[in-house]
Amino acid sequence: MKQKSIALVIYSLHEGGAEKVASELSIYFAQSGHYVVVIVFDGQHRVYVHGGQLINLNVPSAASGSLFSRFRFLLKRSLRLRHIFRQHSFDLIIAVMESAGFASVLASRDTIIANHCNPDENFSGVEWWLAGRLFPLARKVVTVSKQGQAIFAKRLGLRNLLTIYNPVAHQRIHDAAQEPLPVTRLRPYMVAIGRLERVKRFDILLDAYARSIARQRLDLVILGQGSLRDSLQQQIDRLGLSGQVLLAGHVRNPYSYLQQACFTVLSSDHEGFPVVLIESLSLGCPVISTDCPTGPNEIIRHEQNGLLVPVRGTAALAEAMDRLVTDEKLYRHLSAHAAVSVEDLDIAVIAEQWLALCKDDRR
């Protein structure tokens with residue numbers, strides 16, 4: 001394939017699953033010889049690296065603002081994007097998440113909007129109003145799960161929908177996983193990764209862990225930071241888990257934790273298409289996840305590469321933990337099928353699906 005000119009538009013490269021995906025795609029596209037421009041509205045506090053050129057439009061959201069000010073920001077972003085799009089004449093414009101998608105499609109009808117959330121849970125009334133008017137104008141609206149695609153089809157009747165799953169850079173994370181852990185663990189452990197916010201339901205995870213047999217054999221390591229850290233620490237103390245649960249905060253390299261974990265647990269109320277599950281499986285680490293909308297049941301095949309449990313099912317989550325520490329045959333089976341189950345989500349495979357949407361490659 002000849003060199004393509006590609007724009008990736010996203011609010012920022014700060015923490016988050018969508019930001020990680022944008023980072024990985026930009027790096028892969030650039031390393032494959034394509035001309036890549038990553039356009040952000042807020043260039044401060046970058047966590048993820050990028051491939052190609054970075055353009056910071058420096059139009060961050062206000063800490064608080066009226067509906068009028070939000071529309072003013074939208075117009076300002078779209079005008080700046082239109083200028084850049086006309087300068088470069090991109091073959092592929094990928095606007096990641098709605099904060100970028102709304103402005104980008106106003107700037108160019110060639111925009112492909114990449115939705116990375118569960119819209120039923122994450123969209124406000126204003127966002128649904130904008131989506132109903134702007135999404136039909138986009139060349140494509142790409143969701144990261146079939147369930148997410150079905151939500152947009154039902155709510156908006158869109159005909160320009162397509163699902164492309166989130167990728168994982170297998171080789172990159174396997175290399176990173178070889179780094180030693182920054183802390184020495186005295187016992188084997190399970191791991192959970194995510195923002196310390198209510199949607200991730202670490203409170204339910206702690207309750208399930210406290211009532212499980214698994215706590216007798218495994219510690220629990222939670223990676224991430226957020227507003228609920230203090231309340232989660234209080235819950236840990238109240239449950240008598242202080243010596244067994246580690247709130248490790250944000251870590252630069254989570255892959256060494258995943259590599260050495262016995263299994264990964266995701267306890268969320270809802271997701272988009274959780275990258276942590278793919279990365280865990282890629283490293284041969286079995287997973288337990290709530291069967292929440294959207295994503296986990298399109299990654300996990302129950303009792304093949306992981307276990308699915310009901311949302312907010314504390315008893316079921318504890319039972320799943322116990323199964324993985326007491327049923328050696330099941331654990332070996334899940335481990336053996338983990339990596340192979342996500343081979344089709346390799347960054348090279350997923351990137352080609354995006355490149356197939358370039359303007360001169362459309363059918």
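A: Angles between axes are called roughly parallel under 35 degrees, roughly antiparallel over 145, roughly perpendicular from 65 to 115, and oblique otherwise. The model is predicted, so local features need pLDDT of at least 70 and side-chain atom pairs pLDDT 80 or more, whereas totals for chains, interfaces and linings use all residues. Residues are numbered from 1 along each chain as its sequence is written, and side-chain values use heavy atoms, without hydrogens or water.

Helix 5 (residues 125-134) and helix 6 (residues 146-156) pack at about 80 degrees with their axes 11 Å apart, and the two helices are therefore roughly perpendicular to each other. Trp-128, Ala-131 and Gly-132 of helix 5 meet Ile-151, Phe-152, Arg-155 and Leu-156 of helix 6, with contact meaning heavy atoms within 4.5 Å. By class, this contact has five nonpolar residues, one polar and one charged.

Helix 1 (residues 17-31) and helix 15 (residues 347-355) have axes that come within 10 Å and cross at roughly 85 degrees, and these helices are therefore roughly perpendicular as well. Helix 1 contributes Glu-24, Leu-25, Tyr-28 and Phe-29, while helix 15 contributes Ile-347, Ala-348, Ala-351, Glu-352, Trp-354 and Leu-355; the residues of this contact divide into eight nonpolar, no polar and two charged.

Within helix 15, Ile-347, Ile-350, Ala-351, Trp-354 and Leu-355 are buried, that is, under 20% relative accessible area with a 1.4 Å probe. Seen down the axis of helix 15, its buried residues fall within an arc of 145 degrees, so they line one face of the helix. The buried residues of helix 15 pack against helix 1 and also against strand 1 (5-10), strand 4 (92-96), strand 5 (111-115) and strand 6 (140-143).

Conventions
Axes are lines fitted to C-alpha atoms, for helices over the stretch in contact, and angles run from 0 to 180 degrees between N-to-C directions. Helices (H or I, at least four residues) and strands (E, at least two) are DSSP runs, numbered from the N terminus. Ala, Val, Leu, Ile, Met, Phe, Trp, Tyr, Cys and Pro count as nonpolar, Asp, Glu, Lys and Arg as charged, and the others, Gly among them, as polar. Buried means under 20% relative accessible area, exposed over 50%, partly exposed in between (1.4 Å probe, protein chains only). The arc is that of the directions from the helix axis to the C-beta atoms.
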